[in-house]
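I opened the notebook for this model and set down what I looked up, entry by entry. The sequence and structure come first.

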Amino acid sequence: MNPVALGLAVASAAGALAVAAALLAPARVRVALVGVLTAVLGAAGMAAGGAALAGHIFTAHVSQLLPLAGVYLAVDALSGVFLSVGGAVVLAASVYGIGYFRHSGHNGHSGGNGRAIQVLWPVFAFSLVLVPAAASVSTLLVAWELMAVSSLLLVVSEHRRSAQVRSAGVWYAVMTHLGLVTILIGLVWLASAARTETFAGIAAAAPGISPVVRGGVFVLVLAGFGSKAGMVPLHAWLPRAHPEAPSPASALMSAAMVNLGVYGLVRVGLDLLGGGSRWWWLLVLLLGSLSAVYGILQASVANDLKRLLAYSTVENLGLILVGVGAAGVFKDSGFPVLAALALAAALLHTMTHAAFKTLLFLGAGSVLHATGTRDLDDLGGLRARMPVTTGLFALGALGAAALPGGAGFPSEWLLLQSLIHGLVVPGVTVVVLLPVAVGAIALSAGLAVAAFVKALGTGFLAKSRTPAAEHAHEPPPAMLAGMGLAALACAGFALVPGLVGPLLGRAVAAAGLGGAGADQAAGRLSALGSTLSPLLVVGGALLLVVLLRVLMRLVARGPRRAAPLWDCGAGPLTPRMEYTATSFAEPLQRVFDNVLAPESDLDVTAYTESAYLVERVAYSRAVPDRVEHRLYTPVIGAVRRAGTASRALANGSVHRYLGYGFASVIVLLLVLAAAQ
Amino acid sequence: MNLLRKIRSVGRVAEPAPAPPALGPGVDGDLAARVRALRGSAQVRCVDAGSCNGCEIEIGQAFSPVYDAERYGARVVASPRHADVLLVTGPVTRNMAGPLRDTYAAASDPKIVVAVGDCAIDGGVFAGGYGVQGVVADVVPVDLHVPGCPPEPAAIVEALRKVTGR
């Protein structure tokens with residue numbers, strides 16, 4: 001039997017069993033049972049994706065499952081990348097969830113072990129496996145909506161906690177459904193132009209479709225898939241919804257779900273439409289660069305740990321979109337090797353980002369679980385009480401900062417390399433945009449270091465700034481195990497990224513970049529292990545540290561003496577003297593003042609006796625999302641005004657409504673008559 | 001090129017350094033051992049324990065180009081963590097007694113304390129003042145004294161040369 005089919009069958013069975021267990025099992029064993037079964041689902045999905053990457057192709061048509069069309073499934077190497085990433089994230093998050101959901105009744109949250117959450121969890125996990133396996137427009141749309149709705153319900157599952165959760169739910173619901181509508185219109189338009197709805201049929205018919213239709217379809221699906229991938233300016237839901245979901249669900253959303261936006265774009269743009277025009281991909285490149293810089297800039301001034309991570313997701317997905325856009329541009333310009341390399345870099349970054357973002361969100365969940373707060377200003381000093389969590393979070397932060405030794409380094413390096421080599425591509429727009437994209441990647445990598453030094457330094461190191469952080473404790477073993485799985489993936493990508501080279505070559509070929517160019521690129525990617533060996537760098541650095549320790553021992557004279565920390569003689573050091581997240585980000589905020597437009601308010605109250613005696617000083621600072629402020633507020637206002645104005649049309653009179661119906665039938669008949 | 005040749009041909013034209021001063025009579029063997037352990041290089045941290053700032057001005061002069069204590073191996077550093085020698089001035093006020101003790105504890109071993117000025121030695125004009133806790137020797141063990149109100153820079157350099165042994 002085909003291993004992909006076997007994996008998908010096991011995943012479906014495990015998902016069904018998990019839903020049944022969530023509904024029927026007693027509360028005592030519910031969380032453990034659902035967690036284990038969903039972990040099996042994830043492992044099976046990962047295995048199916050791995051088999052697809054190893055060269056097994058799977059297609060199936062189940063005609064009974066959906067009325068009229070039936071379900072078309074197909075897994076090739078490109079789907080395999082996203083299938084295996086999604087499965088792996090589900091595996092780690094589900095193991096983590098066994099500990100998290102059982103204990104999340106603390107700290108004023110509603111319990112995570114209720115039936116609703118436990119049913120939604122495997123459903124969401126299964127939809128993540130289903131979307132990349134879909135091979136027809138209707139199957140994709142059904143799976144996509146299943147994913148959107150189940151994740152939406154998970155986001156609002158803690159709605160009793162605060163009004164913020166409800167607001168995030170509304171934002172997410174509206175934006176994901178607007179995205180679905182644009183994808184729906186785009187794909188249905190494409191299917192009607194191709195006169196078939198299966199992906200294979202569309203790909204065959206695509207060259208015959210007029211460029212106007214193809215361009216229109218691409219812009220529509222770019223809006224839909226881009227908003228799912230957190231592309232600026234359609235990112236507004238992401239930093240709201242991801243932080244408010246339960247942490248394992250945040251990990252699934254931020255590390256697996258957003259990737260499917262990229263998958264959709266690559267599948268439709270490169271595979272089904274076969275590349276199309278250059279302006280499509282320049283648009284993707286531009287929006288990707290914008291997302292990368294804007295996302296990490298917001299992350300570096302964010303105080304909420306999970307909000308910071310969510311903005312970092314915007315950044316990383318932006319980088320992936322840069323790679324996809326560059327691949328499209330190179331393909332259009334006739335540089336297939338470069339195109340394959342850029343797409344491989346994007347896919348590799350998808351994998352590495354999933355690894356470290358899972359780890360970071362699960363780590364943030366452990367912090368939330370231990371302290372009840374996500375505000376970095378209220379944390380600090382967790383290293384002493386949560387050493388394992390701190391170590392794992394540090395590993396993830398190293399990956400997110402894209403420094404050598406971290407998981408994100410090989411993929412960002414490959415991306416940068418492919419863009420720099422792309423400077424040979426002719427064309428004025430390309431010559432201007434490519435260096436801008438290189439600069440955007442470099443700037444975002446630099447700012448990522450600042451953002452994650454802040455997250456780790458002010459959140460975990462130094463002294464505790466509040467009693468909540470002072471009484472933190474390590475999470476239960478299941479949560480540590482989940483984080484450990486993600487950390488293992490991080491270490492793998494950081495040390496031996498070359499192992500995935502041949503798999504990426506196959507995935508790139510499946511994305512419509514086949515031919516001699518892809519073969520050559522696949523050869524390059526296979527050699528990734530020998531041309532890029534972070535193992536040497538990391539090993540060298542570790543050796544240097546050991547050598548220094550030995551040297552210090554040898555050189556040191558006299559016995560060691562413990563002395564109190566030097567405090568300049570001004571009394572004991574207190575947590576109030578520490579860098580907080582706000583103060584750490586202040587210089588950056590000052591530098592990017594024009595971009596971020598922070599709102600700070602200083603309110604000095606003087607005594608009534610004299611204007612020179614200050615009674616109270618109140619300072620508040622907020623960094624609003626400027627894109628949201630400038631773009632969404634006017635649009636929402638206009639929609640609201642239009643709604644208010646159109647209320648005059650509906651005055652409650654039945655006669656008038658009948659008149660509307662009659663008039664529209666007449667108009668429709670006239671239009672049809674004119675069209676004949 | 002000419003300039004380089006000139007520099008090489010002229011060589012050093014400074015006066016020969018005076019003979020290093022002896023540590024003096026009445027110094028116990030322990031101090032001599034510590035001075036030897038410094039091996040001619042003394043990192044100095046100044047602590048103003050409550051002085052009128054007169055001694056600070058003279059210390060500043062001792063490290064100026066005219067007296068240049070640095071040529072004998074003494075160097076002012078910014079933290080007691082880096083220091084071998086504490087140069088303490090003034091009577092020890094109540095507010096500075098604790099910080100002085102902390103500074104002494106923070107300096108690495110072996111360390112030498114030099115009390116600079118009359119006030120540091122016996123309280124000077126401030127002796128018995130309401131804000132004065134005592135003299136430096138009451139708070140930390142003192143190894144060398146530089147009397148004077150204020151002491152001349154040459155005297156301070158002399159004391160530092162005893163420490164560096166150069």
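**Cores**

I began with the largest nonpolar core, which holds 226 residues; Val89(A), Leu252(A), Leu343(A), Leu359(A), Cys490(A) and Ala507(A) are the members that touch the most others in it. Helix H13 of chain A, residues 336–371, is the top contributor to this core and supplies 24 residues. I note here that the model is predicted.

I then listed the contacts of Ala507(A), leaving out neighbours within four places in sequence. The list reads Leu53(A), Ala77(A), Leu78(A), Gly80(A), Val81(A) and Leu347(A).

Another core lies apart from the largest one and has 40 residues. I wrote down Ala49(B), Cys55(B), Val85(B) and Val135(B) as being among them. For context, nonpolar side chains tend to be buried together in soluble globular proteins.

I looked up helix H11 of chain A, which covers residues 278–301 and has 24 residues. From first C-alpha to last, H11(A) reaches 35 Å, close to the 34 Å expected at 1.5 Å a residue.

The domain assignment gives two entries for chain A: domain 1 is 289–541 + 578–597, and domain 2 is 626–675. I took the centres of these two domains over C-alpha atoms and got a separation of 45 Å.

**Chain B: overall**

Chain B has seven helices and seven strands. I read their order from the N terminus as α-α-β-α-β-β-β-α-β-α-β-α-β-α. Along the principal axes, the C-alpha atoms of chain B fill a box of roughly 65 × 30 × 30 Å.

Of the 166 residues in chain B, 39% are buried. I also checked the contacts in chain B with a separation of 6 or more; residues 24 or more positions apart account for 84% of them.

Strand E1 of chain B spans residues 42–48, and six of its seven residues are buried, so E1(B) is largely enclosed by the rest of the structure. I counted three bridges from E1(B) to strand E2 of chain B, residues 74–76, and the two run parallel. Val44(B) has Val76(B) in E2(B) as its bridge partner.

E1(B) is also joined to E3(B), by five bridges and again in parallel. What stands opposite Val44(B) in E3(B)? I found Val85(B) there. Val85(B) was already in my notes as one of the residues in the core of 40.

In strand E3 of chain B, residues 85–89, five of the five residues are buried, so this strand too is largely enclosed by the rest of the structure. I sorted the residues of E3(B) by face: Val85(B), Leu87(B) and Thr89(B) lie on one side, Leu86(B) and Val88(B) on the other, and both faces are covered. E3(B) is joined to E5(B) by five bridges, and these strands run parallel. Val88(B) stands opposite Ala115(B) in E5(B).

**Backbone exceptions**

Asp109(B) and Pro110(B) are joined by a cis peptide bond with omega about -10°. Pro110(B) sits in the loop between helix H4 (94–106) and strand E5 (112–116) of chain B. Another cis peptide bond joins Cys149(B) and Pro150(B), where omega is about -10°. I placed Pro150(B) in the loop between strand E7 (144–146) and helix H7 (153–164) of chain B.

Ala462(A) has a positive phi, near 60°, and is not a glycine. Ala462(A) is in the loop between helix H17 (428–460) and helix H18 (467–470) of chain A. With 19 other C-beta atoms within 10 Å, Ala462(A) is partly exposed.

Asn53(B) also has a positive phi, about 85°, without being a glycine. Its loop runs between E1 and helix H3 (54–62) of chain B. Is Asn53(B) buried or exposed? I got 11 other C-beta atoms within 10 Å for Asn53(B), so this residue is exposed.

**Contact between the chains**

Last, I looked up where the chains meet: nine residues of chain B are in contact with six residues of chain A. I classed the chain B side as four nonpolar, two polar and three charged residues.

Definitions and conventions. Residues numbered from 1 in each chain as written. Chains lettered and ligands numbered in written order. Predicted model: local features only at pLDDT ≥ 70, side-chain atom pairs only at ≥ 80, totals over all residues. Contact = placed C-beta atoms within 7 Å. Nonpolar A, V, L, I, M, F, W, Y, C, P; charged D, E, K, R; others polar. Helix = DSSP H or I, 4+ residues; strand = E, 2+ residues; numbered from the N terminus. Buried ≥ 20, exposed ≤ 12 C-beta atoms within 10 Å, placed from the backbone. Expected span 1.5 Å × (residues − 1). Domains from an automatic or database assignment. Core = buried A, V, L, I, M, F, W, Y, C linked by C-beta atoms within 7 Å. Pairing = 2+ DSSP bridges.
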